[in-house]
Amino acid sequence: MVNPSPSSAAFDRQARMVDLIDRLAAREGYTQSHLDGVTLMRSNRPLERIAALYEPSIVIVAQGRKRGFHGGQTYVYDAQHYLVLAVPLPFEIETEASPQEPMLGIALRIDPTMTAELALAVDEGRPHSATAPHTLYATPIDERIADATVRLLEALSDPTEARLLGPGVVRELTFRVLASEQ
């Protein structure tokens, strides 16, 4: 058996994410999943720049593209980049999507208690950085974050799996983001 190339594996993961979100978020807008704090997003059309208030969250877009604007900076989050907001922020967003290729994504509300616990554990094993952590950033999705996202979406497809397995995958995703380059 031949192992797929990294780009083939990444393409398969993204296609799986698109398929799962497409089924879980059949209607346009925001869809609450079977797991508290996890919301699915779908837009079948482009949306012009509008004001929004984002709560602390990790936003992963499987298809389409979103742009966020804050403090003179532009943050692009798409199939290759996820967005993290560490604090509630007023933000302007625009969405690239079409009926043929809707914007499909998932947002995980950051649990401050779990995040603090994980951050302390991550910090114990690392030298202290001289730079302050960012409150908002977009960063490339790595293989481990993509794999965990697929596992979370698969768990959300079944209420029992969402309840029993989902919280562990959300914890893993939070850890992966905290341990990432940002």
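Predicted model: local features only at pLDDT ≥ 70, side-chain atom pairs only at ≥ 80, totals over all residues.
Residues are numbered from 1 along each chain as its sequence is written, and side-chain values use heavy atoms, with hydrogens and water left out.

**The whole chain**

Begin with a cartoon view, in which the chain has 5 helices and 10 strands; these are DSSP runs numbered from the N terminus, helices being H or I with at least four residues and strands being E with at least two. If you switch to a surface, the chain exposes about 10,200 Å², of which carbon and sulfur atoms supply 54%, the areas coming from the Shrake-Rupley method with a 1.4 Å probe, and for residues only the protein chains shown count as cover. Among the contacts in the chain with a separation of 6 or more, 74% are between residues 24 or more positions apart, a contact being heavy atoms within 4.5 Å.

Select L53, which is found in strand 3 (residues 47-54). Is L53 buried or exposed? L53 counts as exposed, because its relative accessibility is 64%. Leaving out residues up to four places away in sequence, L53 touches P88, L89 and P90, and the C-alpha atoms of L53 and F91, 38 residues apart along the chain, are separated by 5.8 Å.

The structure holds 2 aromatic pairs, a pair being rings of Phe, Tyr or Trp (its six-membered ring) whose centres lie within 6.5 Å, with planes under 30 degrees apart counted as stacked, over 60 as edge-to-face and the rest as tilted. Y54 and F91 form a tilted pair, 5.2 Å centre to centre with 45° between the planes; Y54 lies in strand 3 and F91 in strand 8, so this pair ties together parts that are 37 residues apart in sequence. Both Y54 and F91 are buried. Y75 and F91 form a tilted pair as well, 6.5 Å centre to centre with 35° between the planes, and this pair links Y75 in strand 6 to F91 in strand 8, 16 residues apart. Y75 is buried, with a relative accessible area of 15%, and ring pairs link Y54, Y75 and F91 into a cluster.

**Second stop: charged side chains**

Next, show Lys, Arg, Asp and Glu side chains. The structure holds 15 salt bridges, each a side-chain nitrogen of Lys or Arg within 4 Å of a carboxyl oxygen of Asp or Glu.

Which residue forms a salt bridge with R49? The partner is E92, with the closest N and O atoms 2.7 Å apart; R49 lies in strand 3 and E92 in strand 8 (residues 89-96), so the pair ties together parts that are 43 residues apart in sequence. R49 is partly exposed at 46% relative accessible area, and E92 is partly exposed at 32%. The charged end of R49 also sits over the ring of F69, 3.7 Å from its centre, a description that requires NZ of Lys or CZ of Arg within 6 Å of the ring centre and within 35 degrees of the ring normal.

Move to R65 and D78, whose side chains meet in a salt bridge of 3.2 Å, N to O. R65 lies in strand 5 (residues 65-70) and D78 in strand 6 (residues 73-78), so this pair ties together parts that are 13 residues apart in sequence. R65 is partly exposed, with a relative accessible area of 28%, whereas D78 is buried, with 4%.

For a helical example, select E172 and R151, whose side chains meet at 2.2 Å, N to O, in a salt bridge; E172 is in helix 5 (residues 166-178) and R151 in helix 3, 21 residues apart. Extending the selection, salt bridges that share partners join R65, R67, D78, E94 and E96 into one network.

T149 is buried, with a relative accessible area of 2%, and, apart from its neighbours within four places in sequence, T149 is in contact with M17, I60, I106 and L173.

Finish at S43 in strand 2 (residues 38-43), which counts as buried at 3% relative accessibility. The side chain of S43 reaches the backbone oxygen of R45 at 2.6 Å.

Methods:
Buried < 20%, exposed > 50% of the residue type's maximum accessible area, 1.4 Å probe, protein only. Polar contact = N/O pair within 3.5 Å; in protein donor to acceptor, adjacent residues only side chain to side chain.
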